[in-house]
Structures are given as structure tokens and as C-alpha cells.
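Colleague: I have a structure to go through with you. Can we take the sheet and its surroundings one question at a time?

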Amino acid sequence: MELKVHMGEQLLIDDLNQLRVFAEVARAAGITGAAKRLGKPKSTVSRDVARLESSLGTPLLARNGRRVVLTEAGVLFAERAFRILAEIDEATDAVASATETARGVLTVQATYWLGHSLLIPLLPKFLTHFPKIDVVLELKDFANLSTHDWDVQITAGTLADSSFAARRVAEINLRLYASSGYIARCGTPQSFADLIKHEIVDKHWANGTSPWVNFTGMQPAAIKPRLLVNDMIAILHAVREGAGIGWIPSFFAEQAEDVNSLIHILPEFKVEPMPVFAIFPRRRIVSPKVRAFVDFVAESLAIQAPVYRSLVK
């Protein structure tokens, strides 16, 4: 596809692909990351950027070994490139919306535990319902909302960036659990203060999701984890194996093969449910494929109320 862009009387760009390649390099801050994302050889990505720089008559990237940074002109051009590509995507969405056919490649990002527990069980049915949509599911240990190389992101906790549209699709209750083996070995805490004497399995909490801050009379800093991980599923496995006491989504415990292997600790202490959102770029016209996916996830999780929503009671 050709894009004719003029600056004064001079023709600058005649290949939209070069613009997309440069935008990916700018997002990934490197040739390697962009090549992986685009599914192209690094040599091809480098060649496309070089041709774009030749057309513009100025360098867009400063190369220092493996590190690539945008030049001043590169920063300026990247801002406009993102805007042009967004407008092209919006125009494409408008045409697709007019035909009301959900089609194309849908890129979804989520943390590992949300992806494994909420999304993957839903995807086979979604793909059956929407045969013209292909899904790329990217599971990460954290989400970076500053990049726009995804269509939908599933995230938990407080929303920090209002530049995105969001729909609340689920709520999850966290509870304190320990294994029956740990309780037999170390006893059952009778109060929240007793937790200081116990082994704690914890994680880095992001987006205002930490359950510790919901308790009054006890500073989160007083809780010193013996094992600190970066994923909820890791907490589940560690607690189940007797590593200590930790916060686990209720449905994780309820879906465990041996329900009795996990014991709910201090049930009188309750925390606010953790909201789960589907986030997508804010546009005048929402892409049919995005709308189809978000609606499907929200409706599916609502149907599965005994599994997910019952945790909010």
C-alpha cells in the first residue's frame, strides 16, 4: 500500500509499510524487538528504516551498538507516524463497522494469571463463534499501557490511564489461604497480628491491588514475606506446597483438584473485590473485532457467576 505524504513541494514517503516498520522500531526501542513483533528479518526492518531515512533526508535513529534511540527528528516523526497510523486504523474500523463483520487479527495482552485463569478457558468458544477473527494472546508479568501494539488488554486493579476506554468484566475476591500441611506444622493464626509470626508468601502488587492496605491497625510494612514472587499462580503453587500463607483468588482454591488441601485463614477479614477490566484504545468507532471480544468476555464471565461473581458475596 502506498501513502503519498508531502512536505511543501517535496514527496517524502511512498510506502506505508515503512511507516509501520518505523513505528514498531520506535515502540520497541530497537530493531530486534520490532522485527520479532512484525515477524520480519532484522535485515528487512533495518532496510525499511534506512529507506525511510533516505526519503526524509535525515536520520531518525541513533545507533550505539545494540542500543537504538530516536533522534530529535525521530521523536518528532514518531509522534506523527503514530497519529497517522491510528487514523488509518480508525478508518479501517469504520469500514469494518459498516459491514458489521468482526474479522482480522486481534492482539490481546494480559498478565500470566489472568490469561491462564480467565481468558484461555474462553478462547476456544470465542474462536468458534467468530471464525474470521484470529487471536494473538500475549501473556506478560506486567502490562505497559504506554505502548499501542495491542487491541485489548485485560488488567486488574485501579485504572491509571484515562486515555483508554475500559469495561469492567469481572470482580475477584482474594482470601488468605494455607495448606493443611502448613497448618499442621505451624498452627492456625487466630488474629491478623499473628501473621507476623508466620511464613508469608507474597507478590509485588500493582495498580492498587494490594490486599494488605485494606486492613486497619496493621501496617503493610509489618508483614515480611519469606517468599516473594511476581505472579498469582506462583503464590497458589507455593502455598499449596506448604511454603506459607498467602492471598489467593477464591476460585483458584475452589477449582483445586483437592479442595481440602487449601484452608481459608482468618475468614472474618474481608477485602474489597479486585476489579478486572478490558481496556482498549479510545476511538470514535470501536472496531467490530474489539467489541465482539470485550462483549464475549464480559458476557461469559457473567454467565459463569457461580465460579467468578460468587467470590464477591
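Modeller: A term comes up at once: strands here are DSSP runs of E, at least two residues each, numbered from the N terminus. Keep in mind that this is a predicted model.

Colleague: Which strand holds Gln153?
Modeller: Strand β7 covers residues 152–156. Gln153 is found in β7.

Colleague: Is Gln153 buried or exposed?
Modeller: Buried means under 20% relative accessible area. Gln153 counts as buried because its value is 1%.

Colleague: Which side chain joins that of Gln153 in a polar contact?
Modeller: The contact spans 3.1 Å. The partner of Gln153 is Gln109.

Colleague: In which sense do β5 and β7 pair?
Modeller: Strand β5 runs over residues 104–111. Ala110 stands opposite Ile154 in β7. Over 3 bridges, the sense of the β5 and β7 pairing is parallel.

Colleague: Which strands stand at the edges of the sheet?
Modeller: The open, mixed sheet has 5 strands in the order β6-β5-β7-β14-β8. Each edge strand has a single partner, so one side of it lacks a neighbour in the sheet. The edge strands are β6 (133–140) and β8 (164–172).

Colleague: By how many degrees does the twist average from one strand to the next?
Modeller: The sheet order is β6-β5-β7-β14-β8. From one strand to the next, the twist averages 20 degrees.

Colleague: What angle does the direction of α5 make with that of β5?
Modeller: Helix α5 (residues 112–119) packs on the sheet. It touches β5, β6, β7, β8 and β14. Its direction and that of β5 make about 120 degrees.

Colleague: How many of the residues of α5 are buried?
Modeller: The buried residues include Trp113, Leu114 and Gly115. Ser117, Leu118 and Leu119 are also among them. Helix α5 is mostly covered, and its buried count is 6 of 8.

Key
Residues numbered from 1 in each chain as written. Predicted model: local features only at pLDDT ≥ 70, side-chain atom pairs only at ≥ 80, totals over all residues. Heavy atoms only, no water. Pairing = 2+ DSSP bridges. Helix = DSSP H or I, 4+ residues; strand = E, 2+ residues; numbered from the N terminus. Axes fitted to C-alpha atoms, helices over the stretch in contact; angles between N-to-C directions. Contact = heavy atoms within 4.5 Å. Buried < 20%, exposed > 50% of the residue type's maximum accessible area, 1.4 Å probe, protein only. Polar contact = N/O pair within 3.5 Å; in protein donor to acceptor, adjacent residues only side chain to side chain.
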